[in-house]
Amino acid sequence: MRRQIAEARRVVVKVGSALVTNNGQGLALDFIAECARQIAALHADGRQVLLVSSGAIAAGMQRLGWTTRPHAMHDLQAAAAVGQMGLAQAYESTFLSHGLKAAQILLTHEDLADRTRYLNARSTLQTLLDLAVVPIINENDTVVTDEIKFGDNDTLGALVANLVEAEALIILTDQKGLYSADPRLDPAATLISEGRADDRRFEAMAGGAGSGISKGGMITKVRAAQRAAKSGAHTLIVSGREPDSLLAAARGETIGTLLYAAESPLAARKQWLADHLQLAGALTLDAGAQTALAGGRSLLAVGVVRVEGDFERGAAVACRSHDGREIARGLINYSSSEARRIAGHGTQDIEALLGYIDSAELIHRDNLVLL
Ligand SMILES: Nc1ncnc2c1ncn2[C@@H]1O[C@H](COP(=O)(O)OP(=O)(O)O)[C@@H](O)[C@H]1O
Ligand SMILES: N[C@@H](CCC(=O)OP(=O)(O)O)C(=O)O
């Protein structure tokens with residue numbers, strides 16, 4: 001029994017082009033319906049599920065009557081724009097038939113690299129999950145160029161798992177899992193049952209994409225597992241072609257390949273935050289706020305006596321004690337000019353001071369690392 005997956009309450013499920021489009025033959029509506037049915041069952045079991053789905057380019061090619069994948073970026077982008085319509089429509093109607101609402105989220109690399117947009121994406125996804133809506137996520141192919149592409153959705157799946165602090169990333173694909181070598185090329189290859197996500201030997205076993213339609217292959221899945229593990233998420237690579245594989249995976253059955261995170265989500269998340277922090281400013285706290293932080297609570301504006309620096313919402317800032325010692329770092333929910341205006345005031349005053357309220361906390365405890 002795999003407790004890592006069985007106990008996961010928040011799960012990112014990634015489905016690749018090979019499955020969603022039956023190897024490029026247009027949208028695989030049967031597969032989409034199966035996927036939605038299983039996700040609805042997970043929902044009924046009290047889990048929150050986010051779906052990262054590929055398939056826009058392949059579906060668009062079919063709608064446009066193109067038989068070979070174009071090379072020119074503008075053709076790929078046009079195909080994605082056409083195909084994304086069908087993809088969203090198919091998910092929306094099939095989720096509705098299970099009484100679930102779906103939402104479309106199209107992301108680019110820049111959205112997750114930019115702190116303000118990172119926080120915005122995070123709070124939108126969080127709100128959708130609170131509303132019991134299933135976010136359906138894909139890369140925003142229309143606006144990206146080669147340099148800023150995720151390219152494959154395995155990477156996007158891992159970044160979404162980091163973003164929402166999912167406990168598990170389940171990658172459904174056309175093989176039973178990771179094999180000791182590409183099974184299409186080596187019939188003697190054996191299925192790997194499990195291992196640490198950061199075990200470098202797995203990279204050597206994994207090859208590129210299986211079909212002309214998919215982008216990633218197994219190597220991007222192994223790297224996605226490494227990335228997901230950085231925020232403490234365990235990754236399961238499993239066949240999407242076998243009946244009820246998602247449900248079996250969620251019950252903790254020993255199927256597919258489990259690439260587990262060695263660190264607890266909290267420790268991993270804090271490390272991840274610490275690695276990503278380039279300080280843009282500093283806050284000086286009063287004694288009450290210091291005690292609150294030490295007790296694992298969020299930072300409220302009322303406990304801030306001084307704001308230094310010029311920064312945007314989402315910037316990384318240092319939190320200092322009155323004698324200048326750095327006690328924590330975190331991602332702030334307000335810009336420097338807003339923070340100056342609300343410093344020293346209670347949460348109930350924020351709306352009157354700024355004309356709106358974004359978050360009750362100046363820095364949420366999930367976005368704080370104590371030093
Ligand atoms: N070591 C390996 N184990 C399993 N599959 C592998 C391995 N190396 C390469 N592959 C290939 O990766 C393919 C799955 O990735 P991909 O085609 O990108 O699918 P998806 O669209 O689901 O992301 C398999 O069909 C297989 O040919
Ligand atoms: N954003 C692209 C998906 C990229 C891709 O092919 O991903 P994958 O099938 O996961 O290797 C699309 O929707 O067509």
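Me: Which residues does Lys14 touch, leaving out those up to four places away in sequence?
Reply: Lys14 touches Val52, Asn153, Asp154, Gly157, Leu169, Ile171 and Leu172, with residues up to four places away in sequence not counted. Contact means C-beta atoms, placed from the backbone, within 7 Å. This is a predicted model: local features need pLDDT of at least 70, side-chain atom pairs count only at pLDDT 80 or more, and totals for chains, interfaces and linings use all residues. Residues are numbered from 1 along each chain as its sequence is written, and chains are lettered from A and ligands numbered from 1 in the order in which they are written.

Me: Is Lys14 buried or exposed?
Reply: Buried, with 30 other C-beta atoms within 10 Å. The cut-offs: 20 or more other C-beta atoms within 10 Å of its own is buried, 12 or fewer is exposed, in between is partly exposed, with C-beta atoms placed from the backbone.

Me: Which strand holds Lys14?
Reply: Strand 1, residues 10-15. Strands are DSSP runs of E, at least two residues; helices are runs of H or I, at least four; both are numbered from the N terminus.

Me: Where does UniProt put the "binding site" feature?
Reply: At Lys14, Thr173 and Asp174, from an unreviewed entry. They are spread over 161 residues of sequence but cluster in space, with a largest C-alpha distance of 12.2 Å. UniProt annotations may be inferred rather than shown by experiment.

Me: And Thr173, what does it touch?
Reply: Gly16, Ala18, Leu19, Ile237, Ser239 and Gly240, again not counting residues up to four places away in sequence. Thr173 sits in strand 5, residues 168-173. Thr173 is buried, with 25 other C-beta atoms within 10 Å.

Me: Switching to ligand 2. How many residues surround it?
Reply: 17, the closest being Gly16, Ser17, Ser54, Ala56 and Ile57. Near means a C-beta atom, placed from the backbone, within 6 Å of the molecule.

Me: Which element gives the largest share of that shell?
Reply: Helix 4, with 3 residues. Helix 4 (56-64), strand 4 (134-139) and helix 8 (153-164) each supply at least two.

Me: How do the shell residues divide?
Reply: 4 nonpolar, 8 polar and 5 charged. Ala, Val, Leu, Ile, Met, Phe, Trp, Tyr, Cys and Pro count as nonpolar, Asp, Glu, Lys and Arg as charged, the others, Gly among them, as polar.

Me: How do helix 4 and helix 5 cross?
Reply: At roughly 95 degrees, with axes that come within 6 Å; helix 5 is residues 73-96. Axes are lines fitted to C-alpha atoms over the stretch in contact, and angles run from 0 to 180 degrees between N-to-C directions. The two helices are therefore roughly perpendicular, a label for 65 to 115 degrees.

Me: How does that contact divide?
Reply: 12 nonpolar, 4 polar and 1 charged.

How values were computed:
Parallel < 35°, antiparallel > 145°, perpendicular 65-115°, else oblique. Contact = placed C-beta atoms within 7 Å.
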